[in-house]
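Please open the model in your viewer and keep the selection tool at hand. We will go from stop to stop, picking something to select each time and seeing what is there.

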Amino acid sequence: RVVTKRSVVVVGAGITGVVAAVFLSKSGHRVTLVEKGEIGGAVSGASLACITAHMIDLDEIELLRWSCQTWKDFAQDSPVDIEYDLCGQIRFIECEEELSAAIRYVDSERECGLDSSIVDSDQLSQIEPNLTGDIVAATFDPDSATVNPFLAIRAFILQARSLGVDIRQHSPVDEVKVQNGRVVGVVSKGEMIRCDCVILASGPWTAELTREFDIDLPILPRKAQCLATVAVPPKTIRRVISSCEASSGVEAGYTQIQQSFSSQVLFNTVLAGGLSESGAQDSISEVDPDFVVDSIAQLLHLFPCLNGVQLLRSWVRYEAVAPDQRFLLGPLEPDGLFIAAGDAGTGFLRAPAVGQLLCDMVSESEPFLRHDLYEPYRFTNQPRSE
Ligand SMILES: Cc1cc2nc3c(=O)[nH]c(=O)nc-3n(C[C@H](O)[C@H](O)[C@H](O)COP(=O)(O)OP(=O)(O)OC[C@H]3O[C@@H](n4cnc5c(N)ncnc54)[C@H](O)[C@@H]3O)c2cc1C
């Protein structure tokens with residue numbers, strides 16, 4: 001229920017902005033979606049788009065489960081096939097210490113209602129026959145899924161168009177305009193687009209648009225790289241294969257391997273945290289040689305059957321990272337300004353819940369889920385004045 005219909009400019013047409021635009025429009029707000037480049041052309045179009053609540057964050061489990069279900073429903077209802085695949089996910093465990101941590105983590109997840117479990121090598125050979133590398137055990141979550149990021153963005157954009165969202169590509173927003181402490185519009189290509197609210201869903205460089213208001217947002221760009229092989233026989237890899245984060249966190253290293261609908265194997269291994277300096281731009285098109293070597297070594301270690309397979313392509317993008325790997329999500333000062341950025345590599349998964357929370361905030365309705373974890377001022381000494 002919309003309390004007041006507002007005109008809203010969403011800055012950034014990645015998955016966060018596109019989903020938010022649809023939800024806002026469905027709630028009756030008048031929405032303009034403004035993108036400086038191509039729709040989905042930044043990190044969203046480069047995503048592996050795994051949709052899962054498994055081993056992400058126990059504190060966020062309600063939000064993650066809601067997002068997973070919303071993706072599932074969207075895939076069913078969408079006229080565009082977004083290649084939703086309820087393939088399940090395996091997190092491989094490489095040492096006894098990691099196994100103990102994984103057992104504890106899975107126990108906690110099961111208490112929260114997830115269907116994850118620990119599987120031994122016999123069970124693993126049933127659910128992922130080609131994963132024959134030397135590992136101790138694994139977790140298995142049958143409810144993890146993947147979508148095709150391009151098709152998913154396309155599906156939401158088509159919905160946005162049919163709802164009447166004004167979509168502008170190649171239109172960088174240079175400034176947020178404020179009068180008497182309230183947002184009144186944005187400036188793009190010299191034109192003022194008037195509005196009541198502005199949502200900054202502009203990824204790693206969101207902070208550039210808030211600097212004029214003396215808001216210090218600790219969002220850093222992190223280089224996210226990926227490799228793809230030529231097509232291999234279908235079902236060579238059946239699930240999403242990921243490293244286990246239960247013991248040491250994603251900064252200690254991360255692997256994700258999956259096979260696309262076109263049968264290419266998409267994979268990456270990041271051994272170091274890889275945070276870039278503040279201000280780094282999304283203009284580096286080459287992957288790091290060390291990254292290629294480590295990623296191939298990890299792929300062949302886990303799937304020796306892929307030895308000799310040819311590499312087809314690689315890509316690099318920047319994802320937005322907040323210090324605790326959670327979105328900065330909510331109202332900023334001046335009034336009418338909102339932010340949704342800093343997702344740390346799980347923005348596809350979270351986009352529906354983030355979109356709904358933004359919608360609730362703009363509509364001034366009671367947020368449908370707890371959102372205190374995402375308070376945008378949580379790292380600063382500038383609490384928002386009431
Ligand atoms: C290899 C890889 C694997 C991944 N795997 C997963 C996964 O399995 N699951 C998952 O959930 N996530 C995954 N991610 C992360 C996920 O893709 C991102 O978290 C998500 O796409 C972030 O979306 P976004 O819309 O917030 O940001 P972006 O896609 O960066 O969108 C922000 C947009 O804002 C625009 N913009 C910026 N400044 C301005 C301005 N001034 N004016 C107008 N427009 C502006 C940009 O051009 C951009 O299009 C992965 C990412 C990569 C690279």
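Start by selecting Glu83, Gln259, Ser260, Phe261 and Leu266: of the 31 residues lining the second largest pocket, these lie nearest its centre. On a 1 Å grid over the protein atoms alone, a pocket is an open set of points where a 1.4 Å probe fits, with protein on both sides within 12 Å along at least five of seven lines, and a lining residue has an atom within 4 Å of a point. This is a predicted model, in which local features need pLDDT of at least 70 and side-chain atom pairs pLDDT 80 or more, while totals for chains, interfaces and linings use all residues. Numbering runs from 1 along each chain as its sequence is written, and side-chain values use heavy atoms, leaving out hydrogens and water.

The second largest pocket has a volume of about 580 Å³, taken as the space filled by probe spheres on grid points joined across faces, edges and corners. Now colour α5 (149–162), β15 (254–259), β16 (264–270) and β17 (311–321), the elements that each give two or more residues to its lining. Helices (H or I, at least four residues) and strands (E, at least two) are DSSP runs numbered from the N terminus. With three residues, β17 gives the most. By class, this lining has twelve nonpolar, twelve polar and seven charged residues; Ala, Val, Leu, Ile, Met, Phe, Trp, Tyr, Cys and Pro count as nonpolar, Asp, Glu, Lys and Arg as charged, and the others, Gly among them, as polar.

Next, colour the domains, whose bounds come from an automatic or database assignment: domain 1 is 7–45 + 150–218 + 324–374, and domain 2 is 89–142 + 220–321. Their C-alpha centres lie 30 Å apart. Each domain gives at least three residues to the lining of the second largest pocket.

Where does the ligand lie relative to domain 1 and domain 2? Both domains give residues to the shell around the ligand, so it lies between them. Select Thr16, Glu35, Ser44, Asp343 and Leu349, which come nearest among the 35 residues around the ligand (a heavy atom within 4 Å). In this shell, α7 gives the most, with three residues.

Zoom in on the polar contacts, pairs of N or O atoms within 3.5 Å. A side-chain N or O atom of Ser44 is 2.6 Å from a ligand oxygen. The backbone also takes part: an N or O atom of Leu48 lies 3.3 Å from a ligand nitrogen, and one of Thr346 lies 3.3 Å from a ligand oxygen. The protein buries 95% of the 1,000 Å² that the ligand exposes when taken alone (Shrake-Rupley method, 1.4 Å probe).

Select Pro334, between β18 (328–332) and β19 (337–341); a cis peptide bond joins Glu333 to Pro334, with omega about 5 degrees. Then go to Asn180, in the loop between β9 (173–179) and β10 (182–188), where phi is near 50 degrees, a positive value. Most residues other than glycine have a negative phi, and most peptide bonds are trans.

Technical notes
Polar contact = N/O pair within 3.5 Å; in protein donor to acceptor, adjacent residues only side chain to side chain.
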